[in-house]
Amino acid sequence: MAAKPVVMRLKDIVGDQQPEYCNQCGKCSSGCPSARFLDFSPRRIVIMTQLDMIEDLLKSDMIWLCAECLKCKERCPREVAPYDIIQALRNIAYKVGLTYPSGYSQYLSSISEKGLIQQPQSIRTQKGERVDRISLGLPKLQKPSSMEKIAQNLNKIMQLERR
Ligand code: SF4
Ligand code: SF4
C-alpha cells in the first residue's frame, strides 16, 4: 500500500483539533513564551498548516522552539490547539528522518538516567509570589522505582516511533 501523504498523516495525528477553525485572533501568540524567538509564532504555524505548507514547517526550526507550556491550547477560543499541531509535526519530522535539535538527545538521556528532564523549579504566580512544590503542599518528586524499566520503555517507544 502506498504511504499516506504527509498532510494526511498530520490530520490523523491531530485528531479532533481543527487547524481550519483558526481565525488568526493571535491569543496563542500573545501568551506564548517562545514567540520572542525569530520566526516562531504558534499562529503562524497554524496558518502555514491551513495553507498546506507542511513540508516547509517540517524542514524549519520553528516546530522545535515550542516550550510545551500549553498556554496556546488553554487560550485558543476555537479549540485549534497549536500545541497539538506542533507535536504532530514533530512526530512526523522524526518519523521521516529529518534532523531534530541536538538538545533532544540530551532530554532523552536525562529521562533514561534520572527519570525527568530537569529538577522541578519554583515559579512566580500572577500575584508575583514565588511558589514551589513544598509551599504548594505537594510531595517531593520521587525518582521512578525502576530506572532500568524506564530506559527500556523509552527505547521501545523510540523504535516504534521510527516505524
Ligand atoms: S488562539 Fe486559536 S484561533 Fe486564535 S490565532 Fe491562535 S490558534 Fe488561531
Ligand atoms: S505550548 Fe508551545 S506554542 Fe503553545 S504557548 Fe506554549 S510554547 Fe507557545
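Ala, Val, Leu, Ile, Met, Phe, Trp, Tyr, Cys and Pro are counted here as nonpolar, Asp, Glu, Lys and Arg as charged, and the others, Gly among them, as polar. The structure is a predicted model, in which local features need pLDDT of at least 70 and side-chain atom pairs count only at pLDDT 80 or more, while totals for chains, interfaces and linings use all residues. Residues are numbered from 1 along each chain as its sequence is written, and chains are lettered from A and ligands numbered from 1 in the order in which they are written.

The protein chain has an average pLDDT (the predictor's confidence in each residue, from 0 to 100) of 83, and 87% of its residues score at least 70. Helices (DSSP runs of H or I, at least four residues) and strands (runs of E, at least two) are numbered from the N terminus. The chain contains eight helices and two strands, arranged along the sequence as α-α-α-α-α-α-α-β-β-α. Among these elements, the lowest mean pLDDT, 63, belongs to helix 1 (residues 6-14), and the highest, 95, to strand 2 (residues 130-131). Where pLDDT is low, the predicted coordinates should not be read in detail.

A residue is taken as buried if 20 or more other C-beta atoms lie within 10 Å of its own, as exposed if 12 or fewer do, and as partly exposed in between, with C-beta atoms placed from the backbone. By this criterion, 20% of the 163 residues of the protein chain are buried. Contacts are defined by C-beta atoms, placed from the backbone, within 7 Å. Of the contacts between residues at least 6 apart in sequence, 66% join residues at least 24 apart.

A nonpolar core is a set of buried Ala, Val, Leu, Ile, Met, Phe, Trp, Tyr and Cys residues joined through C-beta atoms within 7 Å. The largest such core comprises 23 residues, and those with the most contacts inside it are Ile45, Leu57, Met62, Ile63, Ile85, Ile86 and Leu89. Helix 3, helix 4 (54-59) and helix 6 each contribute at least two residues to this core, and helix 6 provides its largest share, seven residues. When residues up to four places away in sequence are not counted, Met62 touches Asp39, Phe40, Ile45 and Leu57.

Ligand 1 is surrounded by 15 residues, the closest being Cys22, Cys25, Lys27, Cys28 and Cys76. Helix 2 (27-31) and helix 3 (42-50) are the elements giving two or more residues to this shell, with helix 3 giving the most, three residues. The shell around ligand 1 consists of eight nonpolar, three polar and four charged residues.

Around ligand 2 there are also 15 residues, of which Cys32, Cys66, Cys69, Lys71 and Cys72 come nearest. The elements with two or more residues in this shell are helix 5 (71-75) and helix 6 (82-95); helix 6 gives the most, with three residues. The shell around ligand 2 divides into 11 nonpolar, two polar and two charged residues.

The loop between helix 4 and helix 5 holds Glu68 and Leu70. Glu68, although not a glycine, has a positive phi of about 60°, and Glu68 is exposed because 9 other C-beta atoms lie within 10 Å. Leu70 likewise has a positive phi, near 75°, and is classed as partly exposed because it has 13 C-beta neighbours inside 10 Å. In helix 5, Glu74 counts as exposed, with 12 C-beta neighbours inside 10 Å.

How values were computed: A residue is near a molecule or strand if its C-beta atom, placed from the backbone, lies within 6 Å of it. Two residues are in contact if their C-beta atoms, placed from the backbone, lie within 7 Å.
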